[in-house]
Amino acid sequence: MTMRPPVPVPTLSRRAKLVIGVIAVLLVLFTVIGTLTNVYVDYLWFDETGFTEVFWTELQTRALLFAVAGVATGGLVALSVYLAYRFRPTFRPMSLEQQNLERYRQSLEPRRVAVLSAVGVVLGLFAGFTAQGSWETWLQFRNGTDFGTTDPQFGLDNGFFVFDLPFYRLALGFAFAIVILSLIGSLLTHYVFGGLRLQTPGQKLSGAARVQLSVLLGVFVALKAVAYWLDRYSTVYSDRGGVFTGASYTDVNALLPAKTILVFVAVICAIAFFANIVVRNFALPAASLVLLMLSSLVIGVAYPAIVQQFVVRPTPDVREAPYIERAIAATRQAYDVSDVQYVNYAQNQTGDSASDADAAQAAAELAGSPTVENIRLLDPNVLAPTFTALQQIRNVYGFPDRLDVDRYTIDGVTQDYVVAVRELDQSNLSDNQSSWINRHTVYTHGNGFVAAPANQVSSGSGEGGQPNFTTGNLPTTGNIPVDQARIYYGELLNDNGTDVYSVVGKTDGEADREFDRPESGDDQGQVNSTYDGTGGVAIGSFFRQLTFAIYYRERNFILSGAVNDNSRVLYVRDPLNRVEKAAPFLTVDGDPYPAVVDGRVTWILDGYTTSDAFPYAEQMELGEATTDALTGTGTGTTPLPNDTVNYVRNSVKATVDAYTGAVTLYAWDDQDPVLRTYMNAFPGIIQPKSDMSDDLISHVRYPEDLFKLQRDILTRYHVSDAGDFYNQNDRWRIPTDPTSNTDAAQPPYYILSQRPGDPGATFQLTSALNAFQRENLSAFISASADPASYGELQVLRLPGNTPYQGPGQAQNAMTSNNQVRTDLTLFDSDNSRAVFGNLLTLPIGDAGLLYVEPLYVQSQAANSFPLLQKVIVNYQGRIGYGDTLAESLDQVFGAGAGSAAPDSGGTGNGDTGGDQTTSPPSTSAPATTSPPADGGGAVDASTAQAVAAIQQALQDLANAQRSGDFAAVGQAQAALASAAAAFEAAQSAASGSASSAPASPTG
């Protein structure tokens, strides 16, 4: 039989090899330079913020896992392939199969070292990159602490399941991968080099091949025994029960014994494979492998299915009862809702139709009620355009789309405010302001803190419906003193995920370059400043300038004269991004908020420690569970990642100084085992709670995203009886937001309110809860943010035999009211539109729940903003609708009932009778605000005239509508349109003059 001639191997010319080599070297060089630059810039940031412990620990852990997994995977697989080649048969029987393989052998033989090295390196790199992503799993395993509580099935501390078991699973997965890859590599090598002969008559395996394959298969089955053993513990995550998580009746009584039996069967099977090294007969290991497969099917699958079908299914509520109780207790512990205070509320009320006795009781409760005194009329989710129009001052500034609510104590009185900071908004820069010099060295920061009491609006001439800004303007003045008002770090300094950086600093004798604020007085000049804080990274050296030029791909770092020896670059300036970077083990709440703490503007953020491995606790998708009608709808809120979790704690409060960017982490819940584990891994980065100042603690809020998770859990886990839980007899649900045009959940609301039984009002986060698949209200949940009672959850249970209006029904009753419906028709016109504010649900002592909703009107014109026009209240079906909250309450409860309410300053006609006619819609024009003493932020004369014309046109329109004079209505509408156009022109002129204010030269 003739041998086939070897197949010639194509070769490259010397020039081609040279070109390919140069290209490869350049690609590697650019990759290495880019990677090292990114790492170095990251290090500089961590060094600036004082979190180098995080940088080095994460880097070292990733490197360790990369090296161990890479060397183990690549090395062991390469070793297996090498051994298969090393012990290949010297002589191979001649056959057609071997002749076909000969050409492959001849091709591989001279390149065997290169091929083997390439296989090891590629597999090692792949395994290393995969393993390094699990750095947190290793740190948790290495530094894990006990929970102090045990699971009810195995009696093990819950820390075993949270910290240890995930690492064992990770290591087992890599071990399986190594064995499988080694087995595949060995089989291929033996086949190519004749140790495995599938089509050749005679012996199919050489002795060396039999030994190696037996060892690898024995190791694989031994690992399977370990997997069966770990599967026993994984039953605590079972979802076989359907309505609950954790080991069910079938898992405990059928699957656990089956897994234990399979462990011994797998061990016997592994011994049989190892014995084949000596026995030299695959019959025994083959038989044992068949036994393992049959056992896994019969014992591990069929038997539990039979038990589930014929033992559990006939009476599941009885069989599963003890396991449901385990799941209820564990889920409550995991989501920190074990100590909820349940209050049977309004048990004697008549529900949707308030009786006279109900109304009389509520009126008595209203008298002097701190809840009524603090009812919030300003919706922070509506008023961003209003803040922008009235407090933007210059086009370079801006406010986030979602403002914030916080409380301040002024002259001994605690009140909640709608607050925001006047940030730099580079999206508003004009064309001549958008050069690199201007964007990164001139317009570097915002300026000012703005606050308006949440329970009132201005009622002065021409100011009706506007927020009453008690702190604002430039420079910042008001009842909240601010020592440092410049904002170098804020939510708007993150342009759709792109970091907005600034270069600050000047040489001695150089003029200030950074735009700070408009000049005081009537001129159009500006005040410049130079950053003198501790934030940012110094880039005075040429090497640092080159580094950032490469990092940002911007040559001006080297060429521009604005970059000097004293320059610093500020980057990663979004507070949320800074905290996430400083503490990558935290999940950060999506709503940072600014507060004035000890005279400095400070961003406050909530950090969560989470796990998906708490035994018996229900798993939730974090992003899905925390999404509501406002999530991700604009700047100011950020949706959480959709990670799976079944344990969460608000263990960290974080602050970011708006001027220096300093990040500080405080251990808010130092009893959290997950936090203590990370404190062991990153010593020194988290400060004790005792380091928090009293002023800072007074501004701490209960976090929204945690509250959303907890209210979702409580819709099911408020039930303690296992049978009722299984049958879902008393399930609740989160209502949809009736003020939006979506089916998204209603967001929770911050209010300053008095809980039933409490001596005074406290700052709370609240939400209504409906009955399952119905619109009736079932419960009202609140979480206290008061320092004395922080974190206390209270649930008011409404009687199940009386229908109470849920938010959707209350909104429908409000909008169906004859007066409201008529006004909505007027408001929603070609010139304006109605904007509903947040629908608040408020407990009034023991008299039941009151719904309050502000109604704004906004022009359809450009640059318009909403103004408060009406307030609607609903008490068990009784609707009040007036220009002020007091008027609306009087309509529902009788004259004088609203005396405790602050004057809301509505712009209607002031009638409180039942047949009142509503004022017409307001337009976009801001009223003339009182200018500060130095003239900063004053409204010019042309704007003031336009506002006056709009107000007069509105009054004329209202009079014409009342009298039914359609000709006069048309004339008033024409005058209104003309006045609105004049206002827009005045606004444009003011914006143009702001844009043309002197700035540093562009380049």
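Predicted model: local features only at pLDDT ≥ 70, side-chain atom pairs only at ≥ 80, totals over all residues.
Residues are numbered from 1 along each chain as its sequence is written, and side-chain values use heavy atoms, with hydrogens and water left out. Local features need pLDDT of at least 70 and side-chain atom pairs count only at pLDDT 80 or more, whereas totals for chains, interfaces and linings use all residues.

A nonpolar core is taken as a set of buried Ala, Val, Leu, Ile, Met, Phe, Trp, Tyr and Cys residues joined through side-chain atoms within 4.5 Å; buried denotes under 20% relative accessible area, exposed over 50%, and partly exposed in between (1.4 Å probe, protein chains only). The largest such core has 154 residues, and those with the most contacts inside it are Phe449, Phe548, Phe557, Tyr571, Leu665, Phe682 and Tyr702. Helix α6 (residues 158-192) gives the most to this core, with nine residues. Helices (H or I, at least four residues) and strands (E, at least two) are DSSP runs, numbered from the N terminus. A second, separate core of 45 residues includes Leu378, Val382, Val457 and Ala847. With neighbours within four places in sequence left aside, the contacts of Phe557 (heavy atoms within 4.5 Å) include Trp436, Tyr501, Val503, Phe548 and Val569.

A cis peptide bond, with omega of about -10°, joins Leu474 and Pro475; Pro475 is found in the loop between β8 (471-472) and β9 (477-478). Asp336, although not a glycine, has a positive phi of about 60° and lies in the loop between α11 (321-334) and β1 (341-344). Asp336 is partly exposed, with a relative accessible area of 43%. Asp598 likewise has a positive phi, of about 55°, without being a glycine. Asp598 is located in the loop between β19 (593-597) and β20 (600-611) and is partly exposed, at a relative accessible area of 49%.
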